[in-house]
Amino acid sequence: MSPAARVITVSDRSSAGLRADEGGPLAVAALRAAGFDCPDAIIVPDGADAVKDALRAACAAGARLIVTTGGTGLSPRDQTPEGTDRVIERALPGIAEELRRRGLDETPAAMLSRGRAGVVGDALIVNLPGSPRAVASGMPLIVTIAPHALAQLDGGDHA
């Protein structure tokens with residue numbers, strides 16, 4: 001059975017129907033291509049509470065890998081990292097650092113992403129910026145490391 005994944009797009013404008021979600025479908029497609037069982041992305045408004053609630057709901061539904069897109073910048077409503085911090089039990093800063101490093105190949109603005117990565121229970125959570133370019137850049141890293149991370153969370157030995 002394929003591991004369950006979930007994509008959560010965090011955007012006031014997309015949740016209000018004012019802008020199409022472009023990043024979420026890219027993340028979903030990458031997860032499906034990598035063999036994850038992933039429904040279409042859900043869209044929630046910006047804000048730490050909305051992110052926290054969506055992450056907890058995804059975990060409760062059995063998602064083992066949860067990718068968020070959006071809300072990692074500097075705007076006052078960009079609170080995805082704060083919502084994620086309310087859920088994760090152990091941080092994995094190396095993932096977020098590598099995502100930012102890879103993003104620098106495309107734009108210096110990648111340094112402004114405050115995205116987090118970590119685990120809660122047996123689930124891996126990774127924040128990506130909301131731009132389609134950032135999602136396309138970050139998903140290859142996520143789908144490469146996720147199987148090993150999930151195996152580790154299941155008690156597997158180091159590869």
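Modeller: A residue counts as exposed when its relative accessible area is over 50%, as buried when that area is under 20%, and as partly exposed in between. The model discussed here is predicted.

Biologist: Is Asp154 buried or exposed?
Modeller: The relative accessible area of Asp154 is 54%.

Biologist: Which residue meets the side chain of Asp154 in a salt bridge?
Modeller: The N to O distance of this pair is 2.9 Å. The partner lies in the loop between helix 3 (48-60) and strand 3, while Asp154 lies in the segment after helix 6 (132-153), so the pair ties together parts 90 residues apart in sequence. The partner is Arg64.

Biologist: How many residues apart are Asp12 and Arg77?
Modeller: Asp12 and Arg77 form a salt bridge, with their closest N and O atoms 2.9 Å apart. Asp12 belongs to helix 1 (residues 12-15), whereas Arg77 sits in the loop between strand 3 (65-69) and helix 4 (80-85). Asp12 is partly exposed at 27%, and Arg77 is partly exposed at 41%. The pair links distant parts of the chain, and the separation is 65 residues.

Biologist: What distance separates the closest N and O atoms of Glu98 and Arg101?
Modeller: Both residues belong to helix 5 (residues 93-103), and because they are three residues apart, about one helical turn separates them. Glu98 is partly exposed at 21%, as is Arg101 at 46%. Their salt bridge has a closest N and O distance of 2.6 Å.

How values were computed
Residues are numbered from 1 along each chain as its sequence is written. This is a predicted model: local features need pLDDT of at least 70, side-chain atom pairs count only at pLDDT 80 or more; totals for chains, interfaces and linings use all residues. Side-chain values use heavy atoms; hydrogens and water are left out. A salt bridge is a side-chain nitrogen of Lys or Arg within 4 Å of a carboxyl oxygen of Asp or Glu. Helices (H or I, at least four residues) and strands (E, at least two) are DSSP runs, numbered from the N terminus. Buried means under 20% relative accessible area, exposed over 50%, partly exposed in between (1.4 Å probe, protein chains only).
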